[in-house]
Amino acid sequence: MNTSSMSTCDIKIWHTWALAVTHEAGAYTKQKFNAEKTGGEPVIPSPNLDTDLVMVCDRLADVLIKAYKNPIKMQIDIARYSKLISPKNTGHNEEKEEKLLERCPPGHEGTKLVDKPATIIDVSGTIIAWYLPDALTETTQKEIRAATDLLGPSLEKSVKADGNWRYNQEWFKQGSENVGSTPGCINLSPAWFQQGHENLSDPEVSASLKGLSSENILKAIARPAAIASAALRVMHPQQYFAGLRALSHLGDKALRKELPQMPETLQYWASVFNSLSIISNRETPNHRDHLSIPECFDILTTVGNYSNAR
């Protein structure tokens, strides 16, 4: 690995890393967002960003600013709501969910249809969600589909006859308009703890990235990963830089301890998140992910045509 690096405060990113391009895309998107919000001067993109990436960042910034200017206020106190949630509140039990909402009501009745870019704001004025429809260009969606095709064998192996709903075959469908997309659910990560070995050993590259096609897979998801990261740069700068810092430290550790395949994987990893779940043609029941941090955002990206989504 080339040791030439760029520095962002205390964060070191190798120039050869895909994450270096992601960081420049995030900075450009943030500058565009700020310029449009305040009526500032036009922003000139870095020469390190190719034309296609600049165009998708321009579109992303436009959708982000539309969402920012369309706040939907709710009377829910998200901090109090988060404290009331326990591991027993899985989201599967409708009776428990109703009781939880009684203790922390959202402040409105019924269902509100949101079909334009928007932000959801709680009673304290905190943005608790960003809704960004049409943020991805058709070209980017095609790139995601192509990456999914590369992951076909791993996706197929992930589906089980029984067990956890995340992999149970009953929840997977072969959509009529997505004939080429193999149903399945897998996780990609440059640093993944084996289940049950958290804090007991060094992290490993996820199994789906240990094969011969791993470099091609990472290159295929690079642009979508950069776009999601650029969105986070605007939506939650602290979380963005925390992820950047963690991956920087991970790169140093991977070299120092000679962790298998990790330096090579990090070179092509383009996301400030350390993991990515690929979910193809699966219906998902109502649920709550307890491993998520209440103060941080997860990013959910949907691609393709579907109906009756909630």
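In this predicted model, 40% of the 310 residues of the chain count as buried. The secondary structure of the chain comprises 10 helices and seven strands. Among contacts with a separation of 6 or more, 71% are made by residues 24 or more positions apart.

The interior may be considered next. In soluble globular proteins, nonpolar side chains tend to be buried together. Here the largest nonpolar core holds 53 residues, and L188 and M262 are those with the most contacts inside it. Helix α2, which covers residues 51-68, supplies the largest share of this core, namely nine residues. A second, separate core consists of nine residues, including L84, C104, A118 and I120.

L188 deserves a further look. When its neighbours within four places in sequence are left aside, the contacts of L188 include L151, L209, I217, I221, W269, L276 and I278. S206, S208, N274 and S275 are also in contact with L188.

T29 counts as buried because its relative accessible area is 0%, below the limit of 20%. Apart from neighbours within four places in sequence, T29 is in contact with C57, L60, A61, L64, A230 and V234. Y240, for its part, is situated in helix α9, which consists of residues 237-256. Since the relative accessibility of Y240 is 0%, Y240 too counts as buried. Residues up to four places away in sequence not being counted, Y240 touches T22, H23, S229, L232, R233 and V272. The C-alpha atom of Y240 is separated by 9.6 Å from that of C296, although these residues are 56 residues apart along the chain.

Attention now turns to helix α8. This helix, formed by residues 222-235, has 14 residues. From its first C-alpha to its last, α8 reaches 20 Å, close to the 20 Å expected at 1.5 Å a residue. Helix α8 is mostly covered, with 13 of its 14 residues buried.

Most residues other than glycine have a negative phi. D134, however, has a phi near 65°, a positive value in a residue other than glycine. D134 is located in the loop between β5 (127-131) and α5 (138-150). D134 counts as exposed because its relative accessible area is 61%, above the limit of 50%. N281 likewise is not a glycine, yet has a positive phi of about 50°. The position of N281 is in the segment after β7, the strand formed by residues 276-280.

Methods: Residues numbered from 1 in each chain as written. Predicted model: local features only at pLDDT ≥ 70, side-chain atom pairs only at ≥ 80, totals over all residues. Heavy atoms only, no water. Helix = DSSP H or I, 4+ residues; strand = E, 2+ residues; numbered from the N terminus. Expected span 1.5 Å × (residues − 1). Buried < 20%, exposed > 50% of the residue type's maximum accessible area, 1.4 Å probe, protein only. Core = buried A, V, L, I, M, F, W, Y, C linked by side-chain atoms within 4.5 Å. Contact = heavy atoms within 4.5 Å.
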